[in-house]
Amino acid sequence: MDGRIFLQALRQITEAVTGELDIKKAMDILVHKIRLTTETDCCSIYLLDSFRKRYRLMATDGLSQSAVGKATLHFDEGLVGVVGTTGEVLNLANAPSHPNFKYLPDVGEDEYQSFLGVPILDQGSTIGVLIIQSKSRQQFGEQEESFLVTLAAQMGSIISRSREEHSLEDDELKRIKGISSTGEIAIAKALVWQPDTSLDDVKIQKTEDSTLQVDLFTQVLFQMQIEMDKATLKMQEGEKSNAAFGYMASYGKLLDDSTFSDEVISCIEQGHYLATSAVKFVIERRLKDALIQGQDDKVIDIKDFGQVLVSRLVHACNREFDIDEQVVLVMENMPAAMVADLPKDKIVGFVATSQVSSAHASILARDFGIPSVLGVKVNINDLDGHTVIVDGRNCEVILDPPESVIGEFKQLVSQSKEQQDLFSREATEPANTLDGQHVTVSLNAGLNQNGSEALQAGDNIGLYRTEIAFMMCDTFPGEQQQYEWYSRILEQSAPKPVCMRTLDIGSDKGLPYLQSKEPNPALGWRGVRVTVDMPNILHTQLRAMLLAHQKYGNLELMIPMVSCMEEVHFVKSAIIEVANELRQKTGKEVTLPPFGVMIEVPSTTYLMDELSQEVDFFSIGSNDLIQYLLAVDRANPNVARFYDCFHPAVVRCLKGLVDKAKEHNKPITVCGESAGDPLSALLLLSLGYTSLSMNNSFIARIKYIMRRVSCEDLQKLAAEALKLTDGKSIRALYDAYAANQGLGKIMSSYQQEIKAIIESGEKTDNH
Ligand code: PEP
Ligand code: MG
């Protein structure tokens, strides 16, 4: 067959499939077109159902249609299983004579002789098998092979993305994957919360319940009418300056205009649109008319009116936070400021649907210890009022689970609570290992209100992220404001030290008032680079910190994202400059706090000797260090599987750093997420780290673990780990040790249990 025809067909098929939103239809198109192009008798797609460990026939042109969705093969059965397990192309002229050939009744493949199967791959894993078959005994050619291989490569990511968005089989649990997650499990009704929606942002959406939407619209209109009447009365009584009512008058005429409400209602009823969408349509139509007629003054009134109506409609739907029962809060985004203000006793879980939920949003959620799944691809309105399970451990949301599944998850929640109680009972005991090594377990803080309560368990504050408070402001906070923040946290913690980091913004931590668009922000203007470029911002922060330190004396100061010595010299000079100014201004001696740098850019791992001459301590930002060392974006789910604290390069790098710090007699702490992860914490201890700083919700668990392991044993393990060359084997060493110490269950994080519940929750298979 002509190569050009294949190329053309390839393009056409890919376009047709990518343009089809319904994945089942897309697969039907695919098999049909492939069969025609390759001039064979049959083309089929089998997809792997990983929970049941079976391949299921999902689409076919040539086999019996009644077998679609029903015929399955165990993952290592039949020729499909050979392709799936080897991940190789299988090209056979006489398929039935192959020892692995398996005859499936009712599928209708009796007459086919030759077989060409290729794996459908997504991110390195086989997710299905694409097959062509013919009645004659013939070996398929190289062109057919490369045609199928190329198509299968493109299909992998399309199918996998679509699988995440929609459940492929109706009888499966509705499980929706997120991008990142925190915490354990929450089960409750979902409450959708949307901040004031702008008219421009209203998405056009349809509804099946037009009556409800008409009722909603008329209720809101009626309510506004009453408010309007009251406003008019007040104005007649002379309260003309009352701004709260003032805006009502300008669109009073629109409220009285019955053609407006008629138009909206008919748009809802006939077009089956949501009330907000219908309002948007009608308002846009009116705006157009007003512009054509040159009535510019009317345009603003119409727009305002539409905006108020939309806001009212959205809030009428969402009932704000006047809730009696506990809920899972569903939002598009999870802004830091908003999370800080939430009624925590009512919110048992978070779901955010925005795909750009940042790594730092996760850190905030973790700080609160509330299970969350972020970046869930779902229409926000599909969740409102539905029961959901937020599974922070598996990074997924289960929508409308059956009672049996809810019951089993509830059991897990209570088991996990029992575990937490176990950890909490010892939370204030020191973390001394079985052989007497003390491990300092500190708190990562940033939201002021966490300070005092959390410190009861942590030894001190090992990382105070100052940028979180900056993120909640509308402009750069002034010196007095910052002085109050820092004083509060130093006072609450005194005499225990608080390690404050200067502003660390950039990449996924943006300030609303300092936007910088960069093509590659993780490698861009971030951390200390920003403050070096804005010395006024740095000086203000340093002044506020030093002033607070003069009063409480427990500050430690460190700088983030250092990549060269010049940055260290620059900040040290700035500290001296600010201290001199203060000395002159107050006439009093100024005490300087201990000064440290974060080791999170690989270049600094080669500068430990020089840095040791300049600093009092080191703190390892393992989140960024691993990201840069392995070239894996810490917030990108597509490469999450490459992000590994047990990677031999990471292990050896961490070993080198702790040895250098010891050689120079400088304290060294790890304050990235790996410090709070049970297995990584064992790795760190084995390498010689005895100071770990983590989020509040991990402190008690890590202390519990530390008290049940031996430093000497772990050091022996590290000696072995440093010789290994792959992350899997290194991890296995620590896993085995933890199991041996009776800590297996704590490490496993209920993954196996959750898998089993889900398996039994989905309908049992016929095959
Ligand atoms: C880190 O990089 O490990 C760290 C603690 O800093 P952040 O997560 O705020 O970048
Ligand atoms: Mg960092």
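**Exercise 1.** In which kind of crossing, left-handed or right-handed, does α26 pass α27? Work out how the two helices lie and what touches what.

*Solution.* We're working with a predicted model here.
- Start with the axes: those of helix α26 (residues 711–721) and helix α27 (residues 727–740) come within 10 Å and cross at roughly 160 degrees.
- Angles over 145 degrees count as roughly antiparallel, so α26 runs roughly antiparallel to α27.
- Now the handedness: α26 passes α27 in a right-handed crossing.
- On the α26 side, Asp713, Leu714, Leu717, Ala718, Glu720 and Ala721 make the contact. On the α27 side, Ile730, Leu733, Tyr734 and Tyr737 do.
- Sort these contact residues by type and you get eight nonpolar, no polar and two charged.

**Exercise 2.** Find out how far apart the end C-alpha atoms of helix α13 (residues 403–425) should be, and check it against the model.

*Solution.*
- Helix α13 has 23 residues, and at 1.5 Å a residue they should span 33 Å.
- The end C-alpha atoms of α13 are 33 Å apart, so the two agree.
- While you're there, pick out the buried residues of α13: Val405, Ile406, Phe409, Leu412, Ser416, Gln419 and Phe423.

**Exercise 3.** Explain why helix α3 (residues 78–86) counts as largely enclosed.

*Solution.*
- Look for the buried residues of α3: they're Gly78, Leu79, Val80, Gly81, Val82, Val83 and Gly84.
- That's seven of the nine residues, so α3 is largely enclosed by the rest of the structure.
- What does the covering? The cover over these buried residues includes β1 (42–49), β2 (54–61), β3 (72–74), β4 (90–92), β5 (114–122) and β6 (125–134).
- One last stop: just after α3, glycine 87 takes a positive phi of about 70 degrees.

How values were computed. Residues are numbered from 1 along each chain as its sequence is written. Chains are lettered from A and ligands numbered from 1 in the order in which they are written. This is a predicted model: local features need pLDDT of at least 70, side-chain atom pairs count only at pLDDT 80 or more; totals for chains, interfaces and linings use all residues. Side-chain values use heavy atoms; hydrogens and water are left out. Helices (H or I, at least four residues) and strands (E, at least two) are DSSP runs, numbered from the N terminus. The expected span of a helix is 1.5 Å times one less than its number of residues. Buried means under 20% relative accessible area, exposed over 50%, partly exposed in between (1.4 Å probe, protein chains only). Axes are lines fitted to C-alpha atoms, for helices over the stretch in contact, and angles run from 0 to 180 degrees between N-to-C directions. Angles under 35 degrees count as roughly parallel, over 145 as roughly antiparallel, 65 to 115 as roughly perpendicular and the rest as oblique. A crossing is left-handed if the near helix is turned anticlockwise from the far one by less than a right angle, and right-handed if clockwise. Contact means heavy atoms within 4.5 Å. Ala, Val, Leu, Ile, Met, Phe, Trp, Tyr, Cys and Pro count as nonpolar, Asp, Glu, Lys and Arg as charged, and the others, Gly among them, as polar.
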